[in-house]
Amino acid sequence: EKGGYDHFMLKEIHEQPKAIIDTYRGRMLADEGIIRMAGIDDNLPKFLNADRIIIVACGTSWHAGLVGEYLFEDMARIPVEVEYASEFRYRNPIITEKDVVIAISQSGETADTLAAIKLAKSKGAFVFGVCNVVGSSIARETHAGAYTHAGPEIGVASTKAFTTQITVLSLIALKLAKEKGTLSKAAFQTYLQTMQLIPAQVEKLLEIDEHVKNIASIYKDAKNCLYLGRGFNFPVALEGALKLKEISYIHAEGYPAAEMKHGPIALIDENMPVFVIATNKGHYEKVVSNIQEIKSRSGKIVAVVTEGDTTVKEIADHVIEIPDTEEAFTPLLTTIPLQLLSYHIAVMLGKNVDQPRNLAKSVTVE
Ligand code: F6R
């Protein structure tokens, strides 16, 4: 059942190239320059006339929602708010009929997300679901939706659900951008062609497993770790830290890299591993200077960089290279080595990777 892998988590990490293809198959027709998604096509005016999009989710799905914020605002120029479902539902939020609420959930059963949906519906908002489990409560409770076709996710730590959620959100953002005319035809076309390259690039990244394992063996005994990123990769930093926490029980924090100087940099010493996402587009120089600040305080740096990088390579203790892609799609690649890193650290520490202590796969109580 684990398909020859030691754990479901590792199997699911390796399923990502296929899961991403399954998610865009039939929806993205790259050569024709078309994205068709029934749940969007049938409700297009709702999206095009929306004052804003509110994304509600929990945990890893909330991190995907944050990537969604960057995608929707950058491509389709629609204001987005991303909310923890548990906070949203209890804070008397302002919701109107002109809001579109997108609920993201792998299981489709998360109690807080379900309650947030019911609240949004009661205020007249249009609610769209991004779920993995077909026929789940959230899929049934929403007005329309788009499934992530990731297949069953058994490992408690979410992996392929996250990358397929980002894939669906990318498709929606591109679709709306095309309809609104906020992206040029050429840019739209480039995005579609670039998306088609992602599965093979993920496949290639999975091959560097030994390198990541080696890095894992060096840092597995750390008591605390930091994960830093900016822009589209800030949410990836949060997700990297969550993955490490939940399966290895090592304390980890994700931060926007520039926030370091507002407090967390005080933590840096020679015992502090800092995982930094420093891909070539989007704030690269800024991230480089953040890395220098850490280095000059003796922090240990593991950087996720774009193939061919030379600047960060000189400063960092270790680098992990990802293939080049559009900045907006980098989360689909930068996430992969961070998943592998957490996996290997947890295995090396002898933890129960697929069923970490205190955690359940779906959180059906608040
Ligand atoms: C993390 C993880 C959780 C879930 C969260 C939401 O690896 O699995 O943080 O992401 O409980 O679950 P869903 O997406 O099923 O609503």
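Predicted model: local features only at pLDDT ≥ 70, side-chain atom pairs only at ≥ 80, totals over all residues.
Residues are numbered from 1 along each chain as its sequence is written, and side-chain values use heavy atoms, without hydrogens or water. Helices (H or I, at least four residues) and strands (E, at least two) are DSSP runs numbered from the N terminus.

**α9 with α10**

- Helix α9 spans residues 160–180 and helix α10 spans residues 185–206.
- Their axes come within 11 Å and cross at roughly 160°; axes are lines fitted to C-alpha atoms, for helices over the stretch in contact, and angles run from 0 to 180 degrees between N-to-C directions.
- α9 passes α10 in a left-handed crossing, meaning that the near helix is turned anticlockwise from the far one by less than a right angle, with clockwise giving right-handed.
- In α9, Thr167, Ser170, Leu174 and Lys178 meet Phe188, Tyr191, Leu192 and Met195 of α10; contact means heavy atoms within 4.5 Å.
- By class, this contact of α9 with α10 has five nonpolar, two polar and one charged residues; Ala, Val, Leu, Ile, Met, Phe, Trp, Tyr, Cys and Pro count as nonpolar, Asp, Glu, Lys and Arg as charged, and the others, Gly among them, as polar.

**α10 with α15**

- α10 packs on helix α15 (residues 330–348) at an angle of about 20°, with the axes 9 Å apart.
- That makes α10 roughly parallel to α15.
- The crossing of α10 past α15 is right-handed.
- Met195, Ile198, Gln201, Val202, Leu205 and Leu206 of α10 contact Leu332, Leu333, Ile336, Pro337 and Leu340 of α15.
- The contact of α10 with α15 has 10 nonpolar residues, one polar and no charged.

**α12 with α15**

- The axes of α12 and α15 come within 9 Å and cross at roughly 20°.
- α12 is therefore roughly parallel to α15.
- α12 passes α15 in a right-handed crossing.
- From α12, the contact residues include Val236, Gly240 and Lys243. From α15, they include Pro331, Thr334 and Tyr343.
- The contact of α12 with α15 divides into eight nonpolar, five polar and one charged residues.

**Largest pocket**

- The largest pocket has a volume of about 560 Å³; a volume is the space filled by probe spheres set on grid points, joined across faces, edges and corners.
- On a 1 Å grid over the protein atoms alone, a pocket is an open set with protein on both sides within 12 Å along at least five of seven lines, a cavity is a set of points where a 1.4 Å probe fits but cannot get out, and lining residues have an atom within 4 Å of a point.
- The pocket is lined by 25 residues, with Cys58, Gly59, Thr60, Lys361 and Val363 nearest its centre.
- α5 (59–76), β5 (99–105), α7 (111–122) and α12 (234–248) each give two or more residues to this lining.
- The pocket lining has nine nonpolar, 10 polar and six charged residues.

**Largest cavity**

- A search of the whole structure finds one cavity of 30 Å³ or more.
- The largest cavity holds about 70 Å³ of space.
- Among the residues that line the largest cavity are Arg230, Phe232, Lys281, His283 and Glu327.
- The cavity lining divides into four nonpolar, five polar and three charged residues.

Methods. Parallel < 35°, antiparallel > 145°, perpendicular 65-115°, else oblique.
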